[in-house]
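Morning, everyone. Please bring up the model on your screens, and we'll walk through it together.

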Amino acid sequence: MFVRRSAALAAAILLSSPVLLQGARAADKLTDPQIAHIAYTAGVIDINAAKQAQKKAKNKDVKAFAEDMLRDHEAVNKQALALVKKLNVTPEDNDTSKALSKQASDKLAELDKLNGAAFDKAYVANEVAYHKTVNGALETQLIPSASNAELKSLLQTGLKIFQGHEQHAEHVAAELK
Amino acid sequence: MRLGRLSSIALVFATTAVPAHAATIEITMQNLVISPAEVTAKVGDTIQWINKDVFAHTATAKNGDFDVNLPPNKSATSVLKKAGTVDYYCRYHPNMKATLKIAP
């Protein structure tokens with residue numbers, strides 16, 4: 001039963017993101033220090049993307065969106081840091097975090113080659129896709145695996161924030177067309 | 001003439017005395033949830049918007065009647081001027097939605 005469930009989970013993650021599968025394969029159940037690291041890394045990735053967009057974006061809605069991302073993800077990560085400190089947990093690097101970071105730096109390099117409206121469009125499209133992937137991982141992997149109640153609760157708040165971002169990004173993407 | 005002046009003062013008092021019956025209604029945003037999700041109020045009532053999150057939110061009417069900015073852990077007030085059922089949301093997190101039913 002457990003094997004079948006994790007196989008189904010892996011298949012679901014495979015469809016949404018090849019990156020998160022590696023983490024699922026490495027350990028069927030992620031530990032809290034690993035989950036904290038993945039969640040924090042996911043935030044840092046979007047902060048870096050927003051900083052790039054602040055420099056390169058032309059459209060005022062895209063610039064405003066990047067500013068919103070920077071503000072929210074910094075606020076979430078600040079809460080995450082305060083929580084790991086309180087719980088005396090040291091976030092632990094892992095294959096999922098590494099793969100996420102690698103994929104993100106490739107994306108940053110790819111977007112860096114674009115300018116003007118082409119950049120705006122590609123940045124927002126990636127924001128939609130990225131938040132979708134992270135939300136899928138939070139729902140199916142990170143939240144169910146979290147043991148500590150406070151960590152689980154912070155991840156649940158994070159999920160609501162990121163679902164909001166996904167809708168916001170979809171709205172901005174629709175406006176750009 | 002003197003009497004006429006007095007009665008116009010009385011008239012001013014009479015018109016300003018009306019909003020004394022107006023209520024103040026609290027609407028809270030916490031953990032990305034607006035509560036209560038549905039509020040019934042009257043024209044002249046004051047809404048006190050309370051943001052208990054560390055994130056910035058807005059209360060933005062779909063029909064354009066209001067757009068209130070709520071920085072983290074801040075509150076704001078607005079006085080209801082128009083009757084109707086208004087759906088509103090947060091511009092930053094459009095999954096935060098609620099309804100305000102304003103009676104005349």
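Over residues 21-27 of chain A, pLDDT stays under 50. pLDDT is the predictor's confidence in each residue, from 0 to 100. For that stretch the model has 17 contacts beyond four places in sequence. A contact means that two C-beta atoms, placed from the backbone, lie within 7 Å.

Some ground rules. This is a predicted model, where local features need pLDDT of at least 70, side-chain atom pairs count only at pLDDT 80 or more, and totals for chains, interfaces and linings use all residues. Residues are numbered from 1 along each chain as its sequence is written, while chains are lettered from A and ligands numbered from 1 in the order in which they are written.

Now chain A as a whole. Its average pLDDT is 88, and 84% of the residues score at least 70. Residues 1-16 of chain A have pLDDT below 50, with 16 contacts beyond near neighbours in sequence. Among the elements of chain A, helix H1 (residues 2-16) has the lowest mean pLDDT, 42. Helix H3 (residues 32-56) of chain A has the highest, 97. Helices here are DSSP runs of H or I with at least four residues, strands are runs of E with at least two, and both are numbered from the N terminus.

Stay with H3(A). How do H3(A) and H5(A) lie to each other? The axes of H3(A) and helix H5 (residues 95-112) of chain A come within 9 Å and cross at roughly 5°. Axes are lines fitted to C-alpha atoms over the stretch in contact, and angles run from 0 to 180 degrees between N-to-C directions. The two helices are therefore roughly parallel, a label for angles under 35 degrees.

Zoom in on Ala42(A), which lies in helix H3 of chain A. Is Ala42(A) buried or exposed? Buried, because Ala42(A) has 27 C-beta neighbours inside 10 Å. The cut-offs are 20 or more for buried, 12 or fewer for exposed, and partly exposed in between. Leaving out residues up to four places away in sequence, Ala42(A) touches Leu100(A) and Val134(A).

Over to chain B. An open sheet of five strands there runs S3-S9-S8-S5-S6, with mixed pairing. Strands pair if DSSP finds at least two bridges between them. S3(B) and strand S9 (residues 97-103) of chain B pair in the parallel sense over five bridges. Within S9(B), Leu100(B) is the bridge partner of Val39(B).

Last, the two chains together. Their contact takes 10 residues from chain B and 13 residues from chain A.

Terms used
Angles under 35 degrees count as roughly parallel, over 145 as roughly antiparallel, 65 to 115 as roughly perpendicular and the rest as oblique.
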